[in-house]
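Please keep the sequence and the structure at hand while reading.

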Amino acid sequence: MEGQLCANVEISVKKPSGASPPSFIALLKVYRELLVTRIRNTQCLIDNLIKNDYFSTEDAEIVVQFPTQADKVRKILDLVQSKGEEVSEYFIRVLQKVTDAYYELQPWLDEIGYEPSETICSKPVVNTDPVSRYCQKLRYELGRDSKFVTSYAQREEMLLEEIYSDSIMELVSFTNESLGKVCQLEALFDDAVGLINEDGETIYVFGDAGIGKSILLQKIQSLWARKELDIGAKFFFRFRCRMFSCFKEDEAICLKDLLFKYNCYPDQDPTEVFHHILQFPHTVLFTFDGFDEIYSNFDLSSVPEMCSPNEPIHPLVLLVSLLRGKLLKGSKKILTARTGTEIQRNIIRKKVLLRGFSNNNLKEYTAMFFKDEGQRTLVLNQLEANPNLCSLCSVPLFCWIIFKCYEHFHSMFDSHELPDCSVTLTDVFLLMIEVHLNRSLKTSLLKNNTRSQAEMFKSRKETLLALGKMAYKGMENSFFIFEQEEVSSANISEEDLQLGFLRTVKGYSGCDNQSTYEFLHLTLQSFFTALFLVIEEKVGAKELLQFFNECSSTETAQHTCLHIPWLKKQLAGEDPFRNNEHFHFTNLFLCGLLSRSKQKLFRHLVLPALIKRKRKTLITYLGESMRSHLKGLTRSRLPKYNQIQVQPNFVWMLRCLYETQSEKVGKLAAKRMHANYIKLTYCNAYSADCSAISFVVHHFQKRLALDLDNNNINDYGVKQLLPCFSKLAVIRLSVNQVTDHGVRILYEELSKYQIVTFLGLYNNQITDVGAKYVAKLIEECSSLEYVKIGANKITSEGGKCLAQAIQKSKTMFEIGMWGNQVGDEGAKAFAEALRNHPRLTNVSLAFNGITTEGGKSIAEAMQHNNSVKIFWLTKNELDDEAAMSFAEMLKVNKKLVHLWLIQNQITAKGVKYLSEALKENTAIKEVCLNGNLISQEEAKAFENEERIICF
């Protein structure tokens with residue numbers, strides 16, 4: 001009976017003109033079994049029937065006596081039908097109105113076309129369903145909690161809607177190759193894009209510290225609470241993973257308590273709500289923020305892989321079981337972690353890389369932050385003039401700090417300019433600390449505080465020391481949550497708490513009755529830890545270098561990470577720059593705070609001799625570590641080059657060196673590389689890292705090659721490479737978000753020095769505008785031999801410019817245009833460039849929308865070319881007519897060695913033309929025709945010609 005259409009029975013709820021009223025009693029009889037199987041909540045029906053005097057108390061008691069839900073529904077239907085048409089209609093009206101409880105019946109209600117009568121419309125319907133009431137409460141509480149963002153400003157909260165700005169979100173494969181960008185948050189849950197493992201249940205979002213992982217989850221939470229995230233989730237449970245560190249080793253709770261006690265507790269019948277969640281796990285969305293921040297000595301290998309949803313067990317076991325799909329299988333999960341935290345593939349459904357602000361994102365965020373147009377224009381102009389600062393602003397957290405500091409000083413002194421010299425991350429955090437200390441001072445209405453940074457720090461030395469001491473103790477043990485007792489023991493006063501560096505957090509475990517605190521961001525705890533190491537006089541060499549040693553000690557690393565078999569952190573033996581980000585940031589800030597430029601700041605806080613000794617200890621250690629690190633790099637000998645292949649940890653080494661701002665250290669690093677080809681691919685380098693790269697590379701005395709493919713460099717990073725361009729013979733920037741603006745910088749700089757031989761710009765955001773700059777470079781720079789500019793947004797206009805430039809160049813050896821859209825017009829221009837070209841050897845016009853017309857032009861021009869050895873024309877629209885033209889060309893051209901016509905529209909007829917032509921050509925080694933319109937049976941006719949490859 002279930003699913004039977006209304007048309008199949010002689011019952012219609014819609015009342016035709018002049019017809020008798022429909023029979024609701026008959027309707028309930030016809031669909032009885034459908035209703036029995038889909039009504040899962042009877043209490044709401046009983047409550048409303050009693051409230052409107054349709055049921056008596058005795059009726060309700062009779063229903064409750066039945067043991068199963070199905071039997072209860074059957075009894076309600078019997079009673080309702082016995083009481084007449086009005087009661088039967090009201091029963092259907094409750095199903096229609098209480099959509100949360102009876103959502104499975106909404107299609108049926110639409111199918112029967114039910115429209116309530118005036119009498120029934122006047123009867124109230126109250127939603128007493130505990131599940132739907134809980135969903136309403138959950139939406140209200142999560143909406144309230146996600147409305148504001150706690151900021152670094154003193155006791156200040158900002159509306160999420162006024163501070164959240166889109167950034168680059170990229171779907172990636174298991175090997176971090178791009179699968180496309182996320183334009184709408186719903187796309188995260190859409191299996192049509194970015195799905196890499198259909199058996200996994202977890203969307204894994206990763207990125208650097210401060211890149212926006214937590215605020216992204218808050219945005220998703222806010223959209224869900226407002227019913228603006230249409231992904232079929234009725235329940236939303238969010239967890240901050242660092243809070244699991246608060247649970248004691250012998251603590252045990254059940255899944256119901258984990259969900260309700262630490263999120264939102266049902267007001268009615270929690271058992272029924274939990275039962276509903278167990279029955280419909282696909283309606284649940286979890287977010288787990290900061291998986292890499294869990295610290296615990298609890299050993300998960302000692303517990304069974306399966307666990308019951310009802311039995312108490314350690315919370316970490318519940319967490320891991322949820323992620324594995326052993327509990328609530330089918331639920332949706334988003335897990336965030338910092339770059340470098342590797343999760344086993346079998347739990348991951350999608351991987352999403354957060355890359356921070358693009359150029360346009362930054363402009364949008366600036367407009368959101370600075371409402372005044374004049375101030376906004378001033379800030380944008382200053383950022384444009386300082387690429388170093390611009391690059392830091394590509395990380396949302398650092399951008400917010402810089403803007404907030406600017407806003408504060410501008411309000412105090414009427415005008416304030418952003419720094420116009422090299423800015424390190426240490427400078428940014430020192431400025432932030434100064435702002436907060438400055439705001440805490442009482443000033444008169446007519447006189448602003450004019451204390452210098454050094455005076456401000458000196459006046460609050462005890463506060464800085466107290467905060468640093470607690471940060472240091474937490475960092476030692478990878479603790480990020482602090483109980484009131486720890487705050488008090490560090491001598492942090494109530495006044496210190498009001499500065500805004502710490503915030504209270506909801507207590508987990510046994511700390512519910514007292515305040516629990518955390519630093520507002522993990523990087524802030526790292527900064528205060530480094531500050532403590534500098535200004536605490538009792539810190540010796542061992543303690544000073546402790547966190548370098550933490551990174552280098554495999555044994556220590558294993559004891560400071562959660563023991564989860566499928567959580568794999570990258571370990572690299574004695575490498576002090578292994579990925580362990582909270583330690584890395586501490587080391588980075590230590591290098592910055594002990595730089596020469598900061599000595600003036602600290603001479604009133606610490607004895608100069610002590611600072612000098614600590615600085616010497618650090619510089620000596622950096623030198624030794626650098627030698628050790630560089631010695632372990634993979635090296636290759638290439639024609640003209642000695643190549644080193646570096647790992648992501650090398651970027652942390654460069655960051656630390658840059659923070660020192662020591663030219664001596666930078667020069668030493670360049671000298672010890674013993675290479676002139678630096679391969680920095682897939683190192684998660686972002687634009688600000690180009691300052692650190694330039695800091696070392698500009699010390700090279702000879703020409704060198706720099707490969708930065710597959711990072712996050714963008715236009716700001718290109719601008720920060722300016723000091724390097726006089727040395728670069730090879731520059732590879734493929735897959736790096738580079739736009740036309742970045743290409744213009746490359747043209748202006750590379751054309752000055754006339755030494756570049758290889759330019760790699762594959763898969764960026766380059767249009768015809770950028771293509772014209774590359775064309776000018778080809779024309780003006782006689783040293784340029786290789787250009788890779790495929791997978792961009794170049795049309796026939798840009799294609800013609802490039803082709804004309806190549807035609808004029810006598811030195812171009814290879815042009816890669818795969819995946820653009822130059823079409824037939826572009827193909828004709830390239831044909832003219834090929835005609836009698838003296839040197840062009842490798843050409844790719846694959847996947848460019850070239851049809852027979854363009855193909856014929858190329859084939860004809862190739863009859864007059866003696867230089868091209870390899871030609872890729874894969875994935876175009878070439879047919880048999882084009883194949884015939886290429887066949888005629890092969891009879892004449894005896895220099896071409898490889899011709900790729902894969903995935904075109906050539907049939908056996910076209911293959912025959914090509915096969916016949918090969919009888920007159922012994923030079924060509926292969927004509928690849930895989931993926932054309934040729935069957936295996938047809939291909940057998942060409943088996944004797946081995947150079948024709950059809951399959």
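**Overall picture**

Of the chain's 951 residues, 58% count as buried. The model is predicted. Its secondary structure consists of 42 helices and 27 strands.

- The accessible surface of the chain is about 39500 Å², and carbon and sulfur atoms supply 49% of that area.
- Among contacts in the chain with a separation of 6 or more, 79% link residues 24 or more positions apart.

- Helix α21 covers residues 461-476, 16 residues in total. From first C-alpha to last, α21 reaches 22 Å, close to the 22 Å expected at 1.5 Å a residue.
- Which residues of α21 are buried? They are T463, L464, L465, A466, L467, G468, M470, A471, Y472, G474 and M475.
- After α21 comes S478, which has a positive phi, near 55°.
- Helix α24 covers residues 522-535 and has 14 residues. Its reach from first C-alpha to last is 20 Å, close to the 20 Å expected at 1.5 Å a residue.
- α24 is mostly covered, with 14 of its 14 residues buried.

**Helix pair α9 and α13**

- Helix α9 is made of residues 130-146 and helix α13 of residues 270-279. Their axes come within 9 Å and cross at roughly 85°.
- Because angles of 65 to 115 degrees count as roughly perpendicular, α9 is roughly perpendicular to α13.
- On the α9 side, P130, V131 and Y134 take part in the contact, and they meet E272, V273 and H276 in α13.
- By class, the residues of the contact between α9 and α13 are 4 nonpolar, 1 polar and 1 charged.

**Helix pair α5 and α6**

- Helix α5 is made of residues 69-82 and helix α6 of residues 85-97. The two axes come within 6 Å and cross at roughly 135°.
- How are α5 and α6 oriented to each other? They are oblique to each other.
- From α5, the residues I76, L77, V80 and Q81 make the contact, and from α6, V87, S88 and F91.
- The contact of α5 with α6 has 5 nonpolar residues, 2 polar residues and no charged residues.
- An α-helix has 3.6 residues a turn, so residues three or four places apart point the same way. In α5, the contact residues include I76 and V80; in α6, they include V87 and F91.

Definitions and conventions: Residues numbered from 1 in each chain as written. Predicted model: local features only at pLDDT ≥ 70, side-chain atom pairs only at ≥ 80, totals over all residues. Heavy atoms only, no water. Helix = DSSP H or I, 4+ residues; strand = E, 2+ residues; numbered from the N terminus. Buried < 20%, exposed > 50% of the residue type's maximum accessible area, 1.4 Å probe, protein only. Contact = heavy atoms within 4.5 Å. Areas by Shrake-Rupley, 256 points an atom, 1.4 Å probe, with all protein chains shown as cover. Expected span 1.5 Å × (residues − 1). Axes fitted to C-alpha atoms, helices over the stretch in contact; angles between N-to-C directions. Parallel < 35°, antiparallel > 145°, perpendicular 65-115°, else oblique. Nonpolar A, V, L, I, M, F, W, Y, C, P; charged D, E, K, R; others polar.
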